[in-house]
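Please walk me through the pockets of this model, and through the residues and elements that line them.

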Amino acid sequence: MIDGALLLDKALGLSSNAALQKARKLFGAAKAGHAGTLDPLASGLLLVLFGEATKFAGPLLDADKQYLAALKLGERTATGDAEGEVLETRPVHVTQEALAAVLERFRGEIEQVPPMHSALKHKGTPLYRLARRGQEVARAARRVRISSLERVSFDGASLVLRVVCSKGTYIRVLAEDIGQALGCGAHLSGLRRTAAGRFGLEDAVTLESLERMPVDERKQRLLSLPALLEGLPRAELGAAEEARLRQGQALKISGLDAGLCAVVRPDGAVIGLGAADGEGGLKPLRLTQAAEKHLKSAAHIKRE
C-alpha cells in the first residue's frame, strides 16, 4: 500500500488525469488523486496523492496557488487562451504607467465571471460542452482574492505576471479582464504553476525523471503523511482520545486556535485532520484508515 504525496512537474500538453495515471502506474498505487487541476496548456506543480493521502485533497485544494502567467496583448480569443480562435485584434499602446495602474485595480478581492470554457456545470451539463455547441448561459460572478500581482516582464505586446491567488481563481479570466482594462484586449498565452500552499516547484520532479529512476530512489520522492501535513497546528492524542474521536465525539484540547489541524499520535503517526473551534473543542474531519486498523489491533491485544 502506497501512502504519500508526489510533487510533480506536469508537462505541457498533458492533462492532469493523464499525468496522474502515469504517476500511479510508476508507483504501483491502487488509489490516487490530485489536488488542483492543471489544463493541458498549463505546466508546473501538480500535487499527486496516493492511498491515504487522497483523504487530504480538500484542505490542500483550499491553499493559495502561485503562477507565472504569460499574456498576449492585442488579441482576444474564444476561449481566453491560446487554444481558441482569435475573435478580435486591436493595436496595443500600453505605457508602463498605465500597466501599473491597471494591475493595482486587480489586487485584493475581486469578482470574476467563470468562463464558458470551464468544467462548471449548468443544469448538470459542463459549461465547456455548451460552449462547443455555440451556447452561452448566464454565470454568477464569484469573489476571489489576488494576494499578489507583479509584473515579471513587459515588451509592449507580451506581458508576464507573477500571480498569487485564492482557490477558484481563473487565470484566463484575469488575463482577459486585464486586457479589457488596458483597452487592447488580451488572452492567456502560457501558464506555469510554481507553488501550491507551502509546496514549491523547486522540489517537484518530472514524469520523465521518475521513469529513469530506480524504484527505491523513486519512492524517496514521496512525501509521507506527516510531511504532507507539516506546518499545520498539531493535536496529539492518546489511544483513548483517538478512539473517542473515531466515534465522532468532540474532544477538549486546550491551546488550539480555531481552524484546521493535524491530529497525530505521540509517535507522530497521522490519525487525520480535525477542526478546532478555538474554545478547546476538536471535531474529526478526515481520518486515516491505517490508524483505524491500528486501533483494532491494539484493542485485540488488550482483550487477550
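Strand 12 gives the most to the lining of the largest pocket, contributing five residues, where strands (E, at least two residues) and helices (H or I, at least four) are DSSP runs numbered from the N terminus. A pocket here is an open set of points on a 1 Å grid over the protein atoms alone, where a 1.4 Å probe fits, with protein on both sides within 12 Å along at least five of seven lines, and its lining residues have an atom within 4 Å of a point. The model is predicted, so that local features need pLDDT of at least 70 and side-chain atom pairs count only at pLDDT 80 or more, while totals for chains, interfaces and linings use all residues. Residues are numbered from 1 along each chain as its sequence is written, and side-chain values use heavy atoms, with hydrogens and water left out.

The volume of the largest pocket is about 1200 Å³, a volume being the space filled by probe spheres set on grid points that are joined across faces, edges and corners. Its lining comprises 36 residues, of which Thr 37, Leu 38, Asp 39, Tyr 170 and Arg 172 are the closest to the centre. By class, this lining has 15 nonpolar, 12 polar and nine charged residues, with Ala, Val, Leu, Ile, Met, Phe, Trp, Tyr, Cys and Pro counted as nonpolar, Asp, Glu, Lys and Arg as charged, and the others, Gly among them, as polar.

The second largest pocket has a volume of about 540 Å³, and of its 26 lining residues Arg 76, Thr 77, Ala 78, Arg 139 and Glu 176 lie closest to its centre. Helix 5 gives the most to this lining, with four residues.
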